[in-house]
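Walk through this model with the structure open beside the text.

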Amino acid sequence: MVPTAEEPNRNGEDPQTVLEQDRVEVTRLLLAWRGGDAQALDALIPIVYRQLREIAHVHLRREHSVRTLQPTELVHEVYLRLVEADIAWQGKAHFFAVAGRLMRRLLVDESRRRSRQKRGGERPLRLEDLDHLPALSSPQRLLDLDQALQRLEAFDERKARVVEARIFAGLTIDETSKVLAVSTSTVERELRLARSWLARELMAEPE
Amino acid sequence: MTSSSDWQRIEECFHRAVDLSVAAQQAYLAALDDADLRRQVESLLAADDVAEELVDGAVAESVEWLAQEPAEGLPDLGPYRPIRELGRGGFGTVYLAERTDRDFRLEVAVKRVQRAYGPTDLAQRFLLERRILARLDHPNIAKLFDAGTSGDGDPYFVMEYIAGDPLDRHCDDRRLDVRRRLLLMLDICAAVSYAHRNLVVHRDLKPSNILVTGDGVPKLLDFGIAKLLDDGSTSPLAMTRTGLLPLTPEYASPEQVRAETLTTASDVYSLGVVLFRLLSGSAPYDFPAPRRASTIERVICDDPVPPMSQRFAELDATRGEKLAERRATSRDGLRRELRGDLDNIVAKALRKESERRYGSVEQLADDLRRHLDRRPVKATGDSLAYVTGRFLRRHLWGVTTVVLLLLSLLGGIVATTHQMQQAQQHQARAERVIDLLVNDVFGSATKDRAQDELPDARQILDQSTRALDRQLAATPYVHGTVLAVVGGLYQRLGAYDRAQVFLQRGLERLRPLLGEEHPEVLRLGSDLADAYLDRNLFLPARDLLLEIVRRQRRFPESVADLAVSLLRLASVEENLGNSGVAEGLLTESLGLRRQLYGDDSLEVADAKNLRAQFARQGRDLETAEMLFQEVLEVRRRRLGHDHRDVLTTLSDLAVCAYDRQDFARAEEMLVQVVSLSEHIHGPVHRNVAHPLINLGAVQRKLGHYDAAVPVLQRALDIQQEVFGADHAKTLVAARNLARLYLDRGEIEPAERWILSNLQSLRRQRASPLEVAKYQLDLADLETERGAFSKAKPLYLEVDGVLASHLPAGHPIRALTLFQLGRIACQEKDWPTAKRYLRRALDIQLEALGEGHYRTARTQAELALCLIDQGQEEAGQTMLAPALERLRAELAPNDPIRVWVERRASPRS
């Protein structure tokens, strides 16, 4: 597992206190969500969001850092930061199960915001344009993916969950299979088809 | 959109078809009669190839945004009107913008610094980048048009906007074959080379930074992290820590991830990675998830890069076919094309040590051109010796010729170099030659065809090393390495005295160069200790090993070496009689090796083998035999049935059979071992002598004295030749021969060997315990002669030594006690005789059991003593079962049996 991040330098705030508060709150919300409180998930989002950004910044600022931020690192680091260390796998599984959905929502929110800011909602980028400079990126691509995923979800929910866990949260095949309580071979099959289906949808975007 | 049963059918067909070859997929699809289903599956299969990149890529790139400040509105870029954000890369944001004058419109890419994060000198660096780029004017480098400051004070600069595809995609989409890919790479090399001549290093070369326009012209983008090599006015910036710069690890060189000084060689490396990917379709290495800086550093700096063709061949067939198809060839065709020159060229560009790569991008390009023109490439220069070696061996010129040739080559290489840079290149070549000598020539020589050549090889080594000493004096590193290698070769040849000398000299040469704690120095020291061990110089071996182990423990990367040193130290301690310490060291080493190599590995088997040896020495025969059996299985499986290590284990098992008194079985196994060993090692080798000694011992047990004498004599000849006259192993052989003569009542030759053994021990100042064992032989000789007055003080002396060095119950002690009792019996000193014999009997009953012939012999002697004393009845009661057991255990002509029977005959 990923080692805990160095404490970030937050201007003016005592990072330790903030982290401690977050930690207590996240554990409470996770337990509430497990208990059936659907709103707990909404309450988790801003906290996790803040932490994700924090960690991402630390990664980029750290000396010798290489620009390879992966979802899996983010999610695992957030987990290490936010969930009390002694929580049982049960709690861990819950966190990771929700992590995929959290990541997806975070990324969609962020992409939407950026997309609006950029062009005031005018014409979206086409994939071909992006490919001219592939090191660069477009928020529209993520939004397209999210929409395709919504369509997939409508008739095959499990595939959407697999995609969330494996691709958005960056869990391993093994972790995904535990979180979703299906075999690893099922995860692999579901993932392969879901990816192809989503890719087809993305390529077929009319723009 | 799709009903659930339709969807299920689509899924089913998709999974069935997805791993088929392209042709098989088409056949499968054609056979589907439902046209709608076919379309669905077909489109999904078509997407499979790019799915991961597209879907996972979309997520991964948006994750990166989280790390960046949220985008602001489009900035004020002065005269350039931003159209849209193209994205973010390096430490800038790039916009597509246009400049409109009265009647002309120019589309440009504008790169602007994000001030929100990043080092404080970013603006300065940015200005630097502007200046560098302004100096570059090349058709294959994106031009810098302008620079300025945005409305909110951020610097920006304006570049040529390239409408094109990234290099890899351009090539794949157009199915360019290897040749056309190489032609593109030549243009790219020209651009990089041009930049280098202008003292600019790119430092972030990758396919996405190399766009190819619709006309097929490659353009290098983003000299964003370029570094000025010599501009004195910007020296503070030139010293910028590279660690702060975001870089792309896939294409980063080892020195780059270690944040060391970057040179043009770093670009050579990155071009190597680009070539690797472009030609083979795979990256030279995978980074395990999660990607962490430490993992990435390890992979790039330490993991060996496999040959491109091998990496390609290892892909599954479907993937391989697809990649080959995109290169307009077949899987086999591509593999053939990559193998050889291209593998060598890419490998040379990808060397971990920058000084071993191509000296310049121009040299790399030159080799690519040579390959395209079908001229010999320079990258194979390193393996010239290898090729020669291969040729010679194929033509059966014999190992010696190869050794001679390689050694002279090695000497020639090193002797002719003066300039530093050249020296380094030659050193690389020298290392290759050394590698070849050690692994290929001697590895195979000692394995399968040593018979005639090995003595020759030794002679040649003797001659060549003298020449090398002269030639290598000026290059201490190479000289030290060669000395160490030669030492290792002598050790393999069993010439331990010479091995020790050369290892020692190598060590003395390398230590001041590399430092006391360099892993290489420690390893060499450990090898030297092993040579001491081979020569039974236990105390110096222990001193050296203790020091090395202490140092190796401090370096986690030396753990494999540490495991080796621990095993050697365990052997030393065991030989010094410190079994407890030895066992502890062995256990530690075994644990390390289990972790390093796995339970089923040869390394673990080696450690187990040592433990089995200890167990046998400790008389725990059951454990020993079990362990040897395990070792045998692993070695047979891993090495084949006729490997020397398999033979050694077989021979150890034979000794176990011997110890279990199953002599017939032991003889049968040993005859096999001897003949196979001669086959493998040649007639004069310690691995032949060893089973011969054991065979002699077994034959002696079986009463085959006439067969045993020549066997032991031959073993002794070999030992003297291989180890020298004073070596402990030679002494063992001599001792066995002496005892055999003694058994046969041939006093003269027995005495000759016994006395020479004792002299040799005195010369070496052997331990009292060691001397005592050989004194026992002398005492037995005197007894055999009937010279009891000479024998008795010898036995007493030996007994004193044994008593202070061995536990009271050790069976060897019973031997002296028995002999002392027997002499007392001859002298009719009944109470003394009975006392000695009873003590001997107690020890033997405890240590050997009632059934052992020695126990029976003591019982018989005690019985005879009682009879001699007049206690007829008690004596006879004891004698009968003892005789019975001796007859069961020993051959009819066994001297012990004969002796007892003869003594018993007038009485029974």
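In α29(B), the buried residues are B:Phe663, B:Ala666, B:Glu667, B:Met669, B:Leu670, B:Val673, B:Val674, B:Leu676, B:Ser677, B:Ile680 and B:His681. Buried means that 20 or more other C-beta atoms, placed from the backbone, lie within 10 Å of the residue's own. Helices here are DSSP runs of H or I with at least four residues, strands are E runs of at least two, and both are numbered from the N terminus. This is a predicted model: local features need pLDDT of at least 70, side-chain atom pairs count only at pLDDT 80 or more, and totals for chains, interfaces and linings use all residues. Residues are numbered from 1 along each chain as its sequence is written, while chains are lettered from A and ligands numbered from 1 in the order in which they are written.

B:Gly682 follows, with a positive phi near 90°.

Helix α40 of chain B (residues 895-904) buries B:Arg897, B:Val900 and B:Ala904. Down the axis of α40(B), these fall within an arc of 70°, so they line one face of the helix. The arc is taken over the directions from the helix axis to the C-beta atoms. Their cover includes α38 (853-869) and α39 (872-889) of chain B; contact means C-beta atoms, placed from the backbone, within 7 Å.

Now the sheet. Three strands of chain B form an open, antiparallel sheet in the order β6-β8-β9. Strands pair if DSSP finds at least two bridges between them. β6 (164-166) and β9 (218-220) of chain B stand at the edges with a single partner strand each, so one side of each has no neighbour in the sheet. β6(B) and β8(B) (residues 210-213) pair over three bridges, and B:Gly164 stands opposite B:Thr213.

Conventions
Buried ≥ 20, exposed ≤ 12 C-beta atoms within 10 Å, placed from the backbone. Contact = placed C-beta atoms within 7 Å.
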